[in-house]
Amino acid sequence: MTTTLTRPRASMPTPASPTSGGGGGGRPANREALALTGRDYISHSQLASFRSCPRKFAFSYVEQAKPAFQASSLLFGSAMHAAFEAHFRAQLEGLKTDAGGLLHVFMDTWQAECEKAGVPGVPIRFNKNEDMSSLTSQAQRMIEAFLVAPLSRPVGQIVGIEESFRVMLDPALPDVLARVDLVTQTPGSLHVVDLKTSRSRWTPERAAEGAEQLLLYGRTIRGMSQAVGLPVQLHFAVLTKNKKPQVQILDVPCDESRLAAVRDTVASVWRAVRSGSGSSSGGGSGGGGGGYFANPSPMHCSLCPFRDRCPAFGGRASVTVPQAIPGTADDLPI
Ligand code: SF4
């Protein structure tokens, strides 16, 4: 069956819309973020982008440059997430889903994402030995694995699906926006689940590396946690893309000392974003002309849609040096 996408009905505080300002849209730090990136918040994907390469961050978020291609892996991830979302929304409404219906959601979302990102003339770049047919088969196998895994029937009550939350970590920082895949409530806890598609199984070390994102997400639902008087538990749910897809659940400890470290990380990256110097990532190989510097690496550059204009590869990117916004704090928390 094809599922109907509707908003979940949860007896919880209403999450903030990413564009609503979340009550903090007028703060100087949020106005500064709006002026620098076109968004009055900062997201985990922006933080990760800046840390991997400040120049790529500037292409994407500051200059909103036209990419040379759309990576199939990003479209695939978005379309799979839409299928999972459709499943959980249907479950919330007491409906059942099947693999055929969820594959339709995958295909529809793929098409919609292509059209949305769809700057005319921007091609999709498939990986080696991959095409639309092989990706569709891949999606079907993963959906089937998902439907028979306990993940598809979460214990407790679903209280949030693909919800956006904003939180102010510090008055000197823009709000942090988190888009949380799934929140469930059991008698003892609120569970935050982030769904990942991955080429291979995650190790505990890989989960620990990615913990910052979940800790941030856990922090954004603190208000919800306090409202119901339950602690938060954090989990990655990983679906592998191999021939026989597997579903993993990996727990991430949620403790206050680690949350403080996450806040400091956000402050450090935001300071570097403001200065346009890339100073928080340390080093780099230059080539950015003094603005957001290029930080080439085999892993990131081979998939970078801005490589043809990147200074590290002979391109002539404009140098963007952000201007301070009147009324913003000069002293960030660290
Ligand atoms: S090609 Fe590499 S160095 Fe250049 S912007 Fe992209 S990721 Fe950064």
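Here are some friendly notes on this predicted model, point by point.

1. Some housekeeping comes before the details. Residue numbers start from 1 along each chain as its sequence is written. Because the model is predicted, local features need pLDDT of at least 70 and side-chain atom pairs count only at pLDDT 80 or more, while totals for chains, interfaces and linings use all residues.

2. Let's start with the ligand. Around it are 14 residues, of which Cys 53, Ala 294, Cys 301, Cys 304 and Cys 310 come nearest (a residue is near a molecule if its C-beta atom, placed from the backbone, lies within 6 Å of it). Sorted by class, this shell has nine nonpolar, two polar and three charged residues (Ala, Val, Leu, Ile, Met, Phe, Trp, Tyr, Cys and Pro count as nonpolar, Asp, Glu, Lys and Arg as charged, and the others, Gly among them, as polar). At least two shell residues come from each of α3 (54–62) and α11 (298–301) (helices are DSSP runs of H or I with at least four residues, strands are E runs of at least two, and both are numbered from the N terminus).

3. Nine of its nine residues are buried, so α3 is largely enclosed by the rest of the structure (buried means 20 or more other C-beta atoms within 10 Å of the residue's own, exposed 12 or fewer, partly exposed in between, with C-beta atoms placed from the backbone). Among the buried residues are the charged pair Arg 55 and Lys 56. The cover over α3 includes α1 (28–37) and α2 (44–52). Just past this helix, Gln 64 has a positive phi of about 45°.

4. The largest nonpolar core has 80 residues, and Ala 79, Ala 83, Phe 106, Val 176 and Val 192 have the most contacts inside it (such a core is a set of buried Ala, Val, Leu, Ile, Met, Phe, Trp, Tyr and Cys residues joined through C-beta atoms within 7 Å). Helix α4 (residues 72–92) gives this core its largest share, 10 residues. Beyond neighbours within four places in sequence, Ala 83 is in contact with Leu 102, Val 105, Phe 106 and Ile 143 (contact means C-beta atoms, placed from the backbone, within 7 Å).

5. Now to the strands. β7 (residues 232–240) and β8 (residues 247–252) run antiparallel, joined by six bridges (pairing needs at least two DSSP bridges). They form a hairpin with six residues between them, and Leu 234 stands opposite Val 252 in β8.

6. Pro 253 sits in the loop between β8 and α10 (256–275). With 11 other C-beta atoms within 10 Å, Pro 253 is exposed.

Definitions and conventions
Contact = placed C-beta atoms within 7 Å.
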